[in-house]
Amino acid sequence: MSDLEKLVRRRMQEEYAKGASAEEIAKVVRDLFNSIDLSGNRFDAVALRATRDHE
């Protein structure tokens, strides 16, 4: 499993644990993907920063 997959899975689990609806979880995942630049080699750092910014 890639780091990106682990990140997405963890964020989904965190939101589910908070009692978020499926729509809210989908929005969090969508926002996460929208904030990642997959063109470079260092997208994991961007994804991590995006996760911190959301919290």
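Take helix H1 to start: at 1.5 Å a residue, its 15 residues should span 21 Å, and the end C-alpha atoms do sit 21 Å apart, so the two agree. That expected span is 1.5 Å times one less than the number of residues, and helices here are DSSP runs (H or I, at least four residues) numbered from the N terminus. Bear in mind that this is a predicted model, where local features need pLDDT of at least 70, side-chain atom pairs count only at pLDDT 80 or more, and totals for chains, interfaces and linings use all residues. Residues are numbered from 1 along each chain as its sequence is written, and side-chain values use heavy atoms, without hydrogens or water.

Now look around H1. Its buried residues (under 20% relative accessible area, 1.4 Å probe, protein chains only) are Leu4, Leu7, Val8, Arg11 and Glu15. They cover an arc of only 95 degrees around the axis, so they lie on the same side of H1; the arc is taken from the directions from the helix axis to the C-beta atoms. Over on the other side, Gln13, Tyr16 and Ala17 are exposed, meaning over 50%. Just after H1, Gly19 has a positive phi of about 90 degrees.

Next comes the largest nonpolar core, with eight residues: Leu4, Leu7, Val8, Ala20, Ile25, Val29, Leu32 and Ile36.

Stepping back, the chain has three helices and zero strands, and 27% of its 55 residues are buried.

Note on methods:
A nonpolar core is a set of buried Ala, Val, Leu, Ile, Met, Phe, Trp, Tyr and Cys residues joined through side-chain atoms within 4.5 Å. Helices (H or I, at least four residues) and strands (E, at least two) are DSSP runs, numbered from the N terminus.
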